[in-house]
Amino acid sequence: MFKEDTICAIATGMGNAGIGIIRISGSNAVDIAEKVFFPIRDNIKVAEMKSYTAAYGTICDGENIVDEGILLLMRAPHTYTCEDVCELQCHGGMVVMRKVMEAVVKAGARTAEPGEFTKRAFLNGRIDLSQAESVMDLIHAKNEFAVKSSLMQLRGDLKNVVENLRETILYNVAFIESALDDPEHYSLEGYPQKLRAIVDKLVTNVDNLLITFDNGKVLSEGIKTVIVGKPNAGKSSLLNMFLGEDRAIVTDIAGTTRDVLEEVVNINGIMLNIVDTAGIRETSDVVEKIGVDKALDYVDNADLILYVVDSSVPIDDNDMQIIARISGKNVVIILNKSDLETKVDKMLINSYISGDIVEISATTGEGRNELYQLLNHMFFEGKLSYNDQLYITNTRHKNELMATRNSLTKVLESIDMGMEEDFFSIDLMDAYEHLGLIIGETARDDLADKIFKEFCMGK
Ligand code: GDP
């Protein structure tokens, strides 16, 4: 087992709270706890406490009592880090927690680096790198999809898939090597074609994981949504309706939303990162033009476009320009101002651009529920459906999978070119190594260091 000094950190938030937890991990954790924690009941000795038991007592820095609280003691190897772990639950004030930390450091612990507890769990072999990364993702999860996806990875789903792929690769490399060493017992006759089928399947498996990346990103970071429509169509009003307050400035002078506003809204668990753009139209106003250019950029990169149409006036050239720009994308057409007499024909709009149409009034809120239902429906049952599938959400994992795919493709090329078998094993081993980097099997120290630095303190 990996052995190092004993570390400590404040594991709870840095604000004032009812309870604060100081976590200590390492081979001296129990000794250190014994130096700072004194059970109220005389018959309890910290050094003799059983694993997963707690005691109530005072926390002292030398002669001085700094707080009173609870000691939770967990013995190696069945702990978060696989080392002895003691948690001191004290009062959650910043000053108190700092004083307890000081006492613990004086007693012999070192302040932990961010992520160092999880790093130890990884180095001690309790979790792989993908699981360690999912701990961080879980802490930073912005919505329930991200939570679910990180939990699946924490459970080891990605690890299992990667390990299976690696096993297949290793088996074949071993076979090639054996056959080259011992041609009498292992024949490579007809093997390249067999290998071709196997590698083809591996590529498909890797592709299936890669496909989930975009959706997974969308789900964990929010759906990139852009509101477009001609000036005065009601884009700012729509955003305000989503936000439930007057955050965007609503005016009736055309072209007043000059810059681009970005807001995050949560619609029944679906996170939309909404950009309200300046009205897209031909303009000579320089400031307004910058906004319009930005709007066009956002449109090109959006996952979802909410096209707001002022239904109280007929479709005009300005609408046609917008339609030309957004057609072919994932568009929801919002016929706004349903409280006024409508001058827009739904069939006509759909003849210009396909997409679901919802009638709403951004000012009265009429049609809002229908819009929310439609968005929910699109993302739960549509192409971004979230089910028990494993999602790749981490860019690092995606890059390693792409590199894996690349090496596997080279194997296929070598087979097709009739190359010698030892060429196959070189590229197969490359693929094996890249997959290994996902789970940390072939992780270099610098990679692990880089990943754990991004963790928060105390984890
Ligand atoms: P934007 O230029 O597209 O952002 O449009 P705004 O949201 O600033 O709205 C332009 C004008 O239309 C404002 O006077 C709003 O009060 C008005 N407006 C927006 N939505 C509605 C609606 O559903 N019904 C009515 N009657 N007026 C609306």
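Modeller: I call a residue buried when its relative accessible area is under 20%, exposed when it is over 50%, and partly exposed in between, using a 1.4 Å probe and protein chains only. Please keep in mind that this is a predicted model, in which local features need pLDDT of at least 70, side-chain atom pairs count only at pLDDT 80 or more, and totals for chains, interfaces and linings use all residues. Residues are numbered from 1 along each chain as its sequence is written, and side-chain values use heavy atoms, with hydrogens and water left out.

Biologist: Fine. Is cysteine 8 buried or exposed?

Modeller: Cysteine 8 has a relative accessibility of 0%, so it counts as buried, and cysteine 86 is likewise buried, with a relative accessible area of 0%.

Biologist: And how many disulfides does the structure hold?

Modeller: The number of disulfides is 0, where a disulfide is taken as a pair of cysteine sulfur atoms within 2.5 Å.

Biologist: Changing topic, how many of the residues of helix H8 are buried?

Modeller: Helix H8, residues 235-243, is mostly covered, with 9 of its 9 residues buried; among them are Lys235, Asn240 and Phe242. Helices here are DSSP runs of H or I with at least four residues, strands are runs of E with at least two, and both are numbered from the N terminus. Just after H8 comes glycine 244, which takes a positive phi of about 75°.

Biologist: What about aromatic pairs, how many do you count?

Modeller: The count comes to 3 aromatic pairs, on the rule that rings of Phe, Tyr and Trp (its six-membered ring) pair if their centres lie within 6.5 Å, with planes under 30 degrees apart called stacked, over 60 edge-to-face and the rest tilted. Phenylalanine 175 and tyrosine 191 form a tilted pair, at 5.0 Å centre to centre and with 40° between the planes. This pair links distant parts of the chain, since phenylalanine 175 is in helix H6 (residues 157-181) and tyrosine 191 in helix H7 (residues 191-221), 16 residues apart. Phenylalanine 175 is partly exposed at 22% relative accessibility, whereas tyrosine 191 is buried at 5%.

Biologist: And which kind of pair do phenylalanine 242 and tyrosine 372 make?

Modeller: Their ring centres are 5.9 Å apart and their planes lie at 15°, so that pair is stacked.

Biologist: Which residues do ring pairs link into a cluster?

Modeller: Phe175, Tyr186 and Tyr191 are linked in that way.

Biologist: Next, how do helices H4 and H14 cross?

Modeller: The axes of H4 (residues 129-140) and H14 (residues 421-439) come within 5 Å and cross at roughly 40°. The two helices are therefore oblique to each other, given that angles under 35 degrees count as roughly parallel, over 145 as roughly antiparallel, 65 to 115 as roughly perpendicular and the rest as oblique. Leu129, Ser130 and Glu133 in H4 meet Leu437, Ile438 and Ile439 in H14, where contact means heavy atoms within 4.5 Å.

Biologist: Last one, where does valine 358 lie?

Modeller: Valine 358 lies in strand S13, residues 356-359, and counts as buried at 7% relative accessibility. Leaving aside neighbours within four places in sequence, its contacts include Val332, Ile334, Gly367 and Leu371.

Conventions:
Axes are lines fitted to C-alpha atoms, for helices over the stretch in contact, and angles run from 0 to 180 degrees between N-to-C directions.
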